[in-house]
Number of protein chains: 2
Amino acid sequence: MKISVLGEGTHRQSCQDCAARDFAICAALDNTELRELAQLSRHVRFESGATVFAQTNMATSFFSVHEGTLRLYKLLPDSRRQIVGFALPGDFLGLSGLPQHEFSAEAIGRVALCQFSKESFATFAENRPGLLRRIIELAGRELARAQEHMVLLGRRSAEEKIASFLIGWRDRLSGIGRGGEILPLPMKRLDIADHLGLTIETVSRTFSKLERDGVIQIFAGGVVLDVARAEALSGGAS
Amino acid sequence: MKISVLGEGTHRQSCQDCAARDFAICAALDNTELRELAQLSRHVRFESGATVFAQTNMATSFFSVHEGTLRLYKLLPDSRRQIVGFALPGDFLGLSGLPQHEFSAEAIGRVALCQFSKESFATFAENRPGLLRRIIELAGRELARAQEHMVLLGRRSAEEKIASFLIGWRDRLSGIGRGGEILPLPMKRLDIADHLGLTIETVSRTFSKLERDGVIQIFAGGVVLDVARAEALSGGAS
DNA sequence: CGTCAGGTTGACGCGTCTCAAAGTGGGTGG
DNA sequence: CCACCCACTTTGAGACGCGTCAACCTGACG
């Protein structure tokens, strides 16, 4: 297991002006509490491909994503892989609260995270209802996303899967202020395949077909998306 | 939309000796709090097939399942259906916290629920960290189940899906003290199909094959399961 | 210029879906 | 009590979407 920490240390910059603050659990805290929580946190960085934690590990930390993208995946014994989600800035890792990690987390490109020891974070949160409610809010959002993804995996065709994925990814990015003309896709085709329950060949073919049909334009590391046409092909919401 | 309430009223029996208490959110409350919460609740019953709430409805209530089984599902515009889960005694409905229900809930057989108005429950929970932590615990468990189900939907074959489902269902039932020689399956074949991302024909064929292979014995409303052989066919955990 | 990871494209096969028909059991009315 | 109906399930035959296997392309990097 490759684990590479590029740099780490205590908070290099104040949490007050953290770009992810409004999307992360921190949104529930006032400035005093934020400073207190910062005392408990370490800023850690991982290089591309590094494993932040693995499914078999005991969960000794919570993480809040500060910058970058991660793939969260589960493996079957014969090494089939299902990517259960991609984590973006503001996402909180460790919501399950179980003693062992439910999935593995790997950096896609470089990532920066705030790390909290499980015990000290639990102590800090224990009697802060505002923070606890914020965690419930994030968990509920995550659960809703998971259920929407079950519909995709169970009931959508390959083309609908790709179209739905692109729309959902776009919406998530714009939700954290990363919207734009070009839709960045930092993950590889294989990651998309393992996220959508397809093979890499089917993903590649479907991207090509969508480009031929004028739904997307493919660039290195991203696409330009015709949202209306993609929605028409996605099989619909819900 | 058929909504049939067989009977309703305030708490007909004390919450103290509720069979679901230890599995429900109520486990976080002492007897005084329990009595207080009971004041806010209505016991409601639904007959088989009744809709408890629909995806389009505004979520005005939370529910805690007291007795029975429900199917929780999402529909695509062309009426393809994905059952995102089955709710059992102790399960809490409304975890997403969003203003609209994320899925529809229908009774499979008769069900009994505790209903809380969203506002009064929120007020009650607001400054009870113990209860909030309990909700986080239930949400985390639900999230872990959802992620496990994504692996099933995205990466398992039909036979592995059925075998995994039977094992998981068995484990869930024994977790709430409903284990036994015969494994009850209150849901129809079509429900299983829509839960596992299959068609009813494939489910039926696979059940027949598992019976021919001596993995299960099929009875009306349930099966007897050879757990070891089912696990061998399930493709493995995680 | 060679190597290598990632991506694309094609031919073919298989697992699951689709369509169709028949079997089963519970409930109801004659 | 039997005849019929209806919802649900089972089984079969054929079609098709996606997976598998294999070859080739592309760009980054040394």
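Begin by selecting α6 (200-212) of chain A and α6 (200-212) of chain B: each supplies at least two residues of the surface near DNA strand C. Here, helices are DSSP runs of H or I with at least four residues, numbered from the N terminus, and a residue is near a strand if one of its heavy atoms lies within 4 Å of it. This is a predicted model, in which local features need pLDDT of at least 70 and side-chain atom pairs count only at pLDDT 80 or more, while totals for chains, interfaces and linings use all residues. Residues are numbered from 1 along each chain as its sequence is written, chains are lettered from A in the order in which they are written, and side-chain values use heavy atoms, without hydrogens and water.

Next, display the 14 residues around DNA strand C, the closest being Ser204(A), Arg205(A), Ser208(A), Thr202(B) and Arg205(B). The largest share, 4 residues, comes from α6(A).

Zoom in on Arg205(A), where an N or O atom of the side chain is 2.7 Å from a base nitrogen of DNA strand C. For Arg205(B), a polar side-chain atom lies 2.8 Å from a base oxygen of DNA strand C.

Now move to DNA strand D, which 15 residues surround. α6(B) gives the most to this surface, with 4 residues. Select Arg205(B) again: a polar side-chain atom lies 2.7 Å from a base nitrogen of DNA strand D. Finish at the phosphates of DNA strand D, where one oxygen is 2.9 Å from a polar backbone atom of Ala158(A), and a phosphate oxygen is 3.0 Å from a side-chain N or O atom of Arg189(B).

Terms used: A polar contact is a pair of N or O atoms within 3.5 Å; within protein, one must be able to donate a hydrogen and the other to accept it, and residues adjacent in sequence count only if both atoms are side-chain atoms.
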